[in-house]
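Work through the exercises below with the sequence and the model open. Try each task before reading its solution.

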Amino acid sequence: MKKVEAIIRPEKFQDLREKLAAIGFDGLTVTEVAGTGKQKGKVGVYRSTEFKVTLLSKLKIELVVSDERVDDIIKHIVDACKTDQIGDGKIFISSIEQVIRIRTGESGIKAIY
């Protein structure tokens, strides 16, 4: 099993959600986050005064998937979220040792799907 974490532009979430639903993948966690990378923030204006916003709003999407589905999920994330602009985000993949569904006690792949 793998954990797929994607940091994406908030405006791309609906496209991603629709692509994942189309392939039958519904289980995910979404967190509002803020950060900076190569984008380095942006300049904002409030009442004619410029100020620098160094942290940009992003969404962090977390999914736990079987090893067989990782490449397909990554492809769908890239297809839905890529704009070819700095700030599109990143995808992180890590191994998961065990998953347990609290309600039923099921473990492993059964607990994911």
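**Exercise 1. The largest pocket**

How do the residues of the lining of the largest pocket divide into nonpolar, polar and charged?

Solution. Start with the ground rules. This is a predicted model, where local features need pLDDT of at least 70, side-chain atom pairs count only at pLDDT 80 or more, and totals for chains, interfaces and linings use all residues. Residues are numbered from 1 along each chain as its sequence is written, and side-chain values use heavy atoms, with hydrogens and water left out.

Step 1. Find the space. On a 1 Å grid over the protein atoms alone, a pocket is an open set of points with protein on both sides within 12 Å along at least five of seven lines, and lining residues have an atom within 4 Å of a point. A volume is the space filled by probe spheres set on the points, which are joined across faces, edges and corners. The largest pocket holds about 320 Å³.

Step 2. List the lining. It has 16 residues, and Thr36, Gly37, Gly87, Gly89 and Lys90 lie nearest the pocket centre.

Step 3. Sort by class. Ala, Val, Leu, Ile, Met, Phe, Trp, Tyr, Cys and Pro count as nonpolar, Asp, Glu, Lys and Arg as charged, and the others, Gly among them, as polar. The lining of the largest pocket splits into five nonpolar, seven polar and four charged residues.

Step 4. Assign elements. Strands are DSSP runs of E with at least two residues, helices are runs of H or I with at least four, and both are numbered from the N terminus. β2, β5 (56-65) and β6 (89-95) each supply at least two lining residues. β2 gives the most, with three.

**Exercise 2. The second largest pocket**

Solution. Step 1. Its space comes to about 170 Å³.

Step 1. The second largest pocket has 13 lining residues, with Phe25, Gly27, Leu28, Val64 and Ile112 nearest its centre.

Step 2. Seven of these lining residues are nonpolar, three polar and three charged.

Step 3. β5 and α3 each supply at least two of the lining residues. The largest share, three residues, comes from β5.

**Exercise 3. A lining residue up close**

Where does Leu28 lie, and which residues is it in contact with beyond four places in sequence?

Solution. Step 1. Leu28 sits in the loop between α1 and β2.

Step 1. Leu28 has a relative accessible area of 22%, so it is partly exposed. The cut-offs are under 20% for buried, over 50% for exposed, and partly exposed in between, with a 1.4 Å probe and protein chains only.

Step 2. Contact means heavy atoms within 4.5 Å. Leaving aside neighbours within four places in sequence, Leu28 touches Phe13, Arg17, Leu20, Ile61, Glu62 and Leu63.

Step 3. Take Leu63. The C-alpha atoms of Leu28 and Leu63 are 4.9 Å apart, although the two residues are 35 apart in sequence.

**Exercise 4. The aromatic pair**

Which geometry does the pair of Phe25 and Tyr113 have: stacked, tilted or edge-to-face?

Solution. Step 1. Count. The structure holds one aromatic pair.

Step 1. Apply the geometry. The ring centres of Phe25 and Tyr113 are 6.4 Å apart and the planes meet at 85°, so the pair is edge-to-face. Rings of Phe, Tyr and Trp (its six-membered ring) pair if their centres lie within 6.5 Å; planes under 30 degrees apart are stacked, over 60 edge-to-face, and the rest tilted.

Step 2. Phe25 is in the loop between α1 (13-22) and β2 (29-35) and Tyr113 in the segment after α3 (109-112), so the pair ties together parts 88 residues apart in sequence.

Step 3. Check accessibility. Phe25 is buried at 3%, whereas Tyr113 is partly exposed at 44%.

**Exercise 5. Salt bridges**

How many salt bridges does a search of the whole structure find?

Solution. Step 1. The search finds eight.

Step 1. Inspect examples. Arg9 and Glu11 bridge with closest N and O atoms 3.9 Å apart. Arg9 is buried at 13% relative accessibility; Glu11 is exposed at 54%.

Step 2. Arg101 and Glu106 also bridge, at 3.1 Å between the closest N and O atoms. Shared partners join Arg9, Glu11 and Asp88 into one network.

Technical notes: 1 Å grid on protein atoms, 1.4 Å probe; cavity = no way out; pocket = protein on both sides within 12 Å on 5 of 7 lines; lining within 4 Å. Salt bridge = Lys/Arg side-chain N within 4 Å of Asp/Glu carboxyl O.
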